[in-house]
Amino acid sequence: MNMLTKLEELILLAVWKLGEGAYGTTIYRHLQSVTGKKLSLGGVYFPLDRLVKQGFLRVYSGPTTEERKGLSRRYYQLTEKGFEALHDINRVNEIMWAGFGKASCSSGESG
Amino acid sequence: MTSDPEKLSRRGHRILAVLLGRSEHITFIGDLEEIHAGIIREKGAFRAGLWYWREIFRLIPHYIFHLIYWSMIMIKNYFITSLRNIKNHRMFSMINVLGLSIGLAASLLAVFYIRDEMAYDRYNEKARRISRVKALLHRDGQDINIIGAGYPVGPALIQGFSEVEDAVRFRQSDSIRVKAGEKSFRESNVVYSESSFFNVFTAPMLRGNPENVLSAPGTVVISRLAAEKYFGGLDVLGKNLSIDGEPDWTVTGVFQDIPRTSHFHFDMILSLPSLEIEKDPMEASWISFNFQTYVLMRDGASTAELEAKLPSLLDAHMASEVKKFMGISLDEFLSRSGMRMSFGLQPLLDIHLHSHTGVGEFEANSDIKYIRLFTAVSLFILILAVINFINLATARASGRAKEVGVRKVLGSLRRNLMGQFLLESMIVSVIAFGTAVFIIGFVLPFFNRMTGKSMVLESLAHPDILLPAAGLVVLIGFLAGAYPAVFLSAFQPSSILRGNLKRGVKGGVLRRVLVIFQFCVSVVMIFGTLVVFNQLRYIQNTSVGFNKEQVLILENTQLLGDRADVLKEKMQRYPQVVNASLSGFLPIPSSARMRIPVARMEDPEPRSAPPIGVWIVDHDYIDTLEIKIASGRKFSRELESDSGAVLLNQAAVRFFGFDQPLGESLLIVDSSPEDGIFQKSAYSVIGVVEDFHFESLREAIKPMVLSLGKSRSRLCLRIQREDVAGTIETLRNEWTALAAGEPFEYSFLDERFNRMYDSELRVGRIFGVFAGLAVFIGCLGLFGLATFSAAKRTKEIGIHKVFGATAADVVRMLVREYLLLVGIANLIALPIAYWLMSGWVRRFAYNVGVGWVGFAATTGLTILIALVTVGFQSTKAASANPARILKYE
């Protein structure tokens, strides 16, 4: 499987969640509200760019607005590969996180 | 931040346009503007402006990371391709790695060596502020550097010049016999000095008070090593040592052993007051040079300024004392003796590498020349290895041209290809470095023995060595890869892929030139080695004018006093002993030497006559050393008058201008004046000995006078060739009987004589080893090229053979080219080698010259080596069955 960084993973999930409305601004706002951190727009933008080049996302142009000073939106959509990667991550996560909800600090899985 | 947000935005856009690609920044700015507008709505324009600029600045680290990320992916790809290339061409890679690792190992050893040499005396915390007084005497067209000053100079410097913080004087001592209880040893690293030693130099006191340890007469400070040797521990304060038979020396301190990287290594320091210098007016005067004087400058004081003031101080005092002792003015003295004097200061840190001609050194110093020689040869080795890399890379160019073509068609830029080739050579260089470390680990013990050092591999991790090493690795990777990178990446894909790559004519010529260069270096080094060893053999075999074989030297016989003669007579009675002589004056280094004025009878001012060597010998000296008599006779026991007779060597006869020396008389001025009055006595010349080499063959034989007298510090025995061990045992028994408890030390005259040429031997060995390496690397390259060209010409060979050429014809065809290159290299390099080595040989007043045999041997050797290297591959190619080769056409 592809080892994606946490940020890349979150971006892919955000794109999936936002569906038709996934473009730079919405992805950025979504991540900021979910993580509660002050993200940098560049910190989102470059990974997005990379994910496109690696084939996890595809891009299509959308309409513009007054606020954007006439610059077009770039909408993002998961590719087949992107979905696969998310499924992989999900599978691994389920295995790794299994039973963790009941765990406390004193006891590990084995003892 | 009151300015118009629109204007701000536009300025920000320009930054973004630079950082991001032209098309990409548009959507980014779009998003930025959208969010910006949102913030303006919620929090106002000011906050939005702040946010906007913060975003732009926060973009920069992401941008940088982005760049690195993509270049890493590219490098990963280069890396995989490079490794594939290295693996697929195993032989070429092996040759490259092997050659480069040898080159690197040699250069790293040079770095090790240089670092060690530069470290000398730096352990002293005040090293930069220490310098020592030196005097330069100019006489008879010769410069003599003397390390030393008069007794009063040190204190006078402290008093007279505020910039001098402290000074310390040393008086060299002969080796002494030290006894503590049962333990008795001879100590040679001994000096007289004063307490300020511990202030000027860094030698931590383990016991005792550094302020005044050496203030009282009869006190001695010893090293930790000596303390443990004599007393088995450090608590030795107040204990007694017997030195040269005087029992009352008190140990007042113990200092930490002096580090190896020091220009002196004292085990014992005796207090200067013990010498009672003031009692000997001549010794205590300003005009002696017997005291090595080191000056500690104050922080920030200029040594050069002090140096400039030095002569006025010294001249004034010396003038008055010359007047006092000799009754003439300083100027008169100087003009009469034809001598000029000047004084200077030598920085402590210059001593180890730049002070080697001086009289009065504590130990033989190293020489910056060795560093230069070593650096030069190791760099040459490295260059040879780099040449191999370049040659093999260009030779394989046609093979790699297709790769270049395909890559270019698929969109590689020239820049990418150059990166690829450079990375490849870098990888080879790094692998070679790993191998080099391995090689160094293996050869370091031998190298240490050769250079007399004790360096360890671990110091490779020290930044002093690691940084140059890393630099070398990168440099080599670059040097080796640069030309192939430029050369190979320049191919035009259209012509390569159509299959009409122009045979790299340029590459071929360059290759030949480089091979010639490689062999030039080998030729010079082989020739140099031959000349050095030839000269050494000459030195060992040449007649030195006496018979240095089968002479046993027993030291310390002066301890026996008059019983030395008893020992001599006893030994003479043994059949294994041919002859025996008591004299401290021997034709070996570190034997007694005395230079005093000797004048012809008619000389009006014999005291200022130039001093020449006067040797005190006994009746059997001439026979024991088998020195030949040229005319006259040797000393005779029967003639009482011979106590007033001298023998001259032929150089002395020429020096005094005697036509008929026998019967002439000479005045010898006693060097130690009593009450300031010089003794002079007349001696008649009864014989002339043939010139014999009593100094190294570097120097011309100087005039000398042999005089009869008692000098008992050594007993020389001419012994039979048989049962040398038995003779030594006999001598030991006789020695113990007469001098129980005294150290028994003996040596052989020929060994001591040959040790004078240790430094030449060292140069010879370094040359020899490096010549071997140069030849080996050159051959590796030649082997690679021959393999390559044989492989490329298989079809040609096959056709030749089908048309009737024999294997021998083919071999001749293949080998001819390389022999031509080696021949040209010989033609170019031999004159250079001749010029270099005749300069070296001229350092010896007595030499064999460079010798024509050397030329023939060098040429023969290089051609033979080249033949063997190339011949193997060629024979293999030539003996292949043409049917098999041509079948695939």
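With 11 C-beta neighbours inside 10 Å, B:Glu276 counts as exposed, because the cut-off for an exposed residue is 12 or fewer. Good morning. The model under discussion today is a predicted one.

Let us remain with B:Glu276 for a moment. Its place is in the loop between β11 (268-271) and β12 (291-297) of chain B. Most residues other than glycine have a negative phi.

Where is B:Asp723 found? This residue lies in the loop between β23 (714-719) and α20 (724-738) of chain B. B:Asp723 also has a positive phi, of about 50°, although it is not a glycine. It is exposed, with 12 other C-beta atoms within 10 Å.

The largest nonpolar core has 95 residues, and among the members that touch the most others are B:Leu104, B:Ile381, B:Ala385 and B:Phe770. Helix α22 (residues 758-792) of chain B gives the most to this core, with 15 residues. Beyond its neighbours within four places in sequence, B:Ala385 is in contact with B:Gly99, B:Leu100, B:Ile102, B:Gly103 and B:Ile777. A second, separate core of 56 residues includes B:Ala180 and B:Leu348.

Finally, the interface. How many residues of chain B are in contact with chain A? There are 17, and they meet 17 residues of chain A. On the side of chain B that touches chain A, the elements giving two or more residues are α2 (24-43) and α3 (45-88) of chain B. The largest share, eleven residues, comes from α2(B). By class, this side of chain B has eight nonpolar, four polar and five charged residues.

Terms used:
Residues numbered from 1 in each chain as written. Chains lettered and ligands numbered in written order. Predicted model: local features only at pLDDT ≥ 70, side-chain atom pairs only at ≥ 80, totals over all residues. Core = buried A, V, L, I, M, F, W, Y, C linked by C-beta atoms within 7 Å. Buried ≥ 20, exposed ≤ 12 C-beta atoms within 10 Å, placed from the backbone. Helix = DSSP H or I, 4+ residues; strand = E, 2+ residues; numbered from the N terminus. Contact = placed C-beta atoms within 7 Å. Nonpolar A, V, L, I, M, F, W, Y, C, P; charged D, E, K, R; others polar.
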